[in-house]
Amino acid sequence: MMIEQEWAIILARAQFAFTVSFHFLFPAFSIGLASFLAVLEGLWLKTGKGVYANLYRYWLKIFAVVFAMGVVSGIVMSYQFGTNWSVFSDKAGPVIGPLMAYEVLTAFFLEAGFLGVMLFGINKVGRKLHFVATLAVAIGTFISAFWILSVNSWMQTPVGYEIAANGQLMPGDSWWMIIFNPSFPYRLVHTLLAAYLTTAFAVGAVGAWHLLKDKSNPGARKMFSMAMWMAAIVAPLQVVAGDFHGINTLEHQPAKVMAMEGHYQSHPNGAPLILFGIPNSKERTVDYAIEIPKASSLILKHDLNAPLAGLDTIPDADEPPVGIVFWAFRIMVGLGMAMVAIGMWSLLARARKRLYEWSWLHKAALVMGPSGFIAVLAGWVVTEVGRQPFTIYGVLRTVDSASPLDAPAVAFSLLAFVVVYFTVFGMGIWYLLRLMKKAPEAHESALDGAPIRSAGITPAPAVLEGASA
Amino acid sequence: MIDLTVIWASIIGFAIIAYVVMDGFDLGIGILFPFFKVGKDRDTAMNSIAPVWDGNETWLVMGVGGLLAAFPLAYAIILPALYAPMIAMLLGLVFRGVAFEFRWRDPAHRELWDRAFTLGSFIATFAQGIALGALLQGITVEGRSYAGGWWEWLSPFSILTGFGLVVGYALLGACWLNWKTEGALQRQSVTYAGRLGISLLLMIGLISLATLTLEAQYYLRWLSYPGVLATAIVPIATIAVTFLFYRSLRQTKDAQPFFWALALFGLCLIGLGISIWPNVIPARVTIWEAAAPHRSQVFMLIGASIMVPIIVAYTAWSYWVFRGKVGHDGYH
């Protein structure tokens, strides 16, 4: 019986990890893409240049597909808390439930309410109101990230709650304290910048791909240039934000940082920065470690000789899995460094007036296309696995959070999710690639088949069409 | 002293009504989809809901999110109890949600995505109906958690409510198309609406009678004197509304039949309320037992009182933008 219970929990964790990882890919893209579209439409309204209108239409088609997949995979998440983690929901509901309700009220409805007009309404409401709709969707994605990251951060750094007689966690007298819990500002900035970088490198790769085939395509040039500005500016900012986030984590969740660094042992006189190695949790050491002496203390404490505690100071029962966190962290940081490098390279190319001609830069940008998605997932793994073995850090253990479900029920639903997600979203991603493969044209078509192609009764000729000349 | 728990029960009730009113017809169109001619008719049916389906579905998230926030105990008991139907509903919604986009992106496989649209809509509706039936027939609760097996939801009654909802949403879908389309598609929809109306009335009758046998509470609520004088209004009104529905259909009104069909749903929900009030898990857990603490209720109420009117306003605006009949190429 005990064994079966353990299986049910492992399967439930696998299911949550699978569904949330798949889901996260879409908002990570659509947060940045919505802002990109708002900028394109704003520039078009301001300058009247057709290239912006064309790019808007080009990326709107992609946005529509990404957004649809984000919506349907997101609805799943709002039910997963109850279906698979009912004890967690019962206990944490009074605190996190209202924050998630605010997400629905202030973000989901805003996005969904204006999406129809954004996708199909340009000929019905005019340019300015349509721009308002685009802005509303973009702002909605922001607000959504705000609330859900507040919830997640509260689970990492829970404050401002009381424990009721029935075992529920109740809000204390300050919601402000709960919403702006200690890790939230850092996590919000780090995640939003990550979403921007994800979009920048996806857009940059599409631009690079078309530049490799035709260096004169104005749409490809414009999108590549815009994406590379983002890379050059945001990637270094992200390094700074990540550093702050790491120091915040050291303060509130030291065990997570110990796992990230591979510090099984404490280092009283300055801890080394382990670049690579294979964490060996049995022997409590990192095999084949390549390390820089004292560098970890320098990064985390800004002092070469600062002492850093290791996992030897953490009770075994509270220790997160080291290997996954250690590796995921290196993947994230490695990709982040590569992003900075591309950003700098693009500045050099711009200075030499070779931004659109330097095909090695284009090839590198193409390879980096998926980098944001991988980095975002890796970062998510670091923070979520690093929180284990708790769902609410230090307060509620993962094993005490799950629903009273039979293992076969969870196994069956997990299998169903895996099959459906890989089939449906696999095809969706293939459609995205197909849309991206097509070069942006001088007269980019609207959403095909969709009601945007209003028949002749529309007073003005199709508004966006008119501007593309 | 205002009871915030009652207010929150009303807000969740409002979200459920809003969901049924708005997503009911677009799920219904999915259910009827295979009966429409490939090409122009299907494109038109799809286009009539493409701009609004996402907003409609958000009410489902509002309902469940609101339940977690305002009645966390109910959320924690109901979702594991309805595990299989809930997972099936979510997967159904995945298929139908992406079909809106994918069918245009991949003309070579449009037939496939049309089927996914129908299958997803049917499964999601059927699962919602089953969930309703499973709740009404009672679920096993021990302490603060669900204590039944993973097939407890399955019974002849829950299958009946599942089909009942399929018929109901299909009726709403047919009425919506009668309102928003022209020509052959509209005539076809009117025919379907006519057949579905009487089927729904039958289903409502069957489910109502079966419900009375499930729990003593339901029986007493409906049939004990003098309460019966009030509760009898519901079935009488149901018959009256059905009559008005058919009259408007015969007079070839565009919008009216849709609203009469919604009125039928409204009466069903009133009936549901009479049966289960003041429980959030019928005959098991009351709204006060499941309620979130006062501070949570107050904090959310501030947000809801500001945001819900705004949401209703821009949702109405979005419907207004896409008002009128939808042509083959979209709204005009």
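Mentor: pLDDT is the predictor's confidence in each residue, on a scale from 0 to 100. For chain B the mean pLDDT is 89, and 98% of the residues reach 70 or more. This is a predicted model, in which local features need pLDDT of at least 70 and side-chain atom pairs count only at pLDDT 80 or more, while totals for chains, interfaces and linings use all residues. Residues are numbered from 1 along each chain as its sequence is written, with chains lettered from A and ligands numbered from 1 in the order in which they are written.

Trainee: What scores does the model as a whole have?

Mentor: Its ipTM is 0.88 and its pTM is 0.89.

Trainee: How does the radius of gyration of chain B compare with that of a compact globule?

Mentor: For 332 residues a compact globule would have a radius near 20 Å; chain B has 20 Å, so the two agree. The C-alpha trace of chain B spans about 55 × 40 × 40 Å along its principal axes. Chain B has 14 helices and 6 strands.

Trainee: Why is Phe24(A) called buried?

Mentor: A residue is buried if 20 or more other C-beta atoms, placed from the backbone, lie within 10 Å of its own, exposed if 12 or fewer, and partly exposed in between. Phe24(A) has 21 C-beta neighbours inside 10 Å, so Phe24(A) counts as buried. This residue lies in helix α1 (residues 2–47) of chain A. In chain A, 53% of the 469 residues count as buried.

Trainee: Which residues does Phe24(A) contact, leaving aside its neighbours within four places in sequence?

Mentor: They are Val376(A), Leu377(A) and Trp380(A), where contact means C-beta atoms within 7 Å.

Trainee: What makes α5(B) a mostly covered helix?

Mentor: Of its 23 residues, 23 are buried. Helix α5 (residues 83–105) of chain B reaches 33 Å from its first C-alpha to its last, close to the 33 Å expected at 1.5 Å a residue; the expected span is 1.5 Å times one less than the number of residues. Helices (H or I, at least four residues) and strands (E, at least two) are DSSP runs, numbered from the N terminus.

Trainee: Where is the kink in α5(B) centred?

Mentor: The kink of about 45° is centred on Ala99(B); the bend is the angle between axes fitted to the seven residues ending at a residue and the seven starting there.

Trainee: How do you know that the span of α13(A) agrees with its length?

Mentor: Its 31 residues should span 45 Å, and the end C-alpha atoms are 43 Å apart, which agrees. Buried residues in α13(A) include Phe417(A), Tyr421(A) and Tyr431(A).

Trainee: How many residues of chain A are in contact with chain B, and which element gives the most?

Mentor: In chain A, 63 residues are in contact with 64 residues of chain B. Elements of chain A that each supply at least two residues to this side include α2 (50–84), α3 (86–120) and α13 (407–437). With 23 residues, α3(A) gives the most.

Technical notes
Two residues are in contact if their C-beta atoms, placed from the backbone, lie within 7 Å. The radius of gyration is taken over C-alpha atoms; the globule rule is 2.2 Å times the number of residues to the power 0.38.
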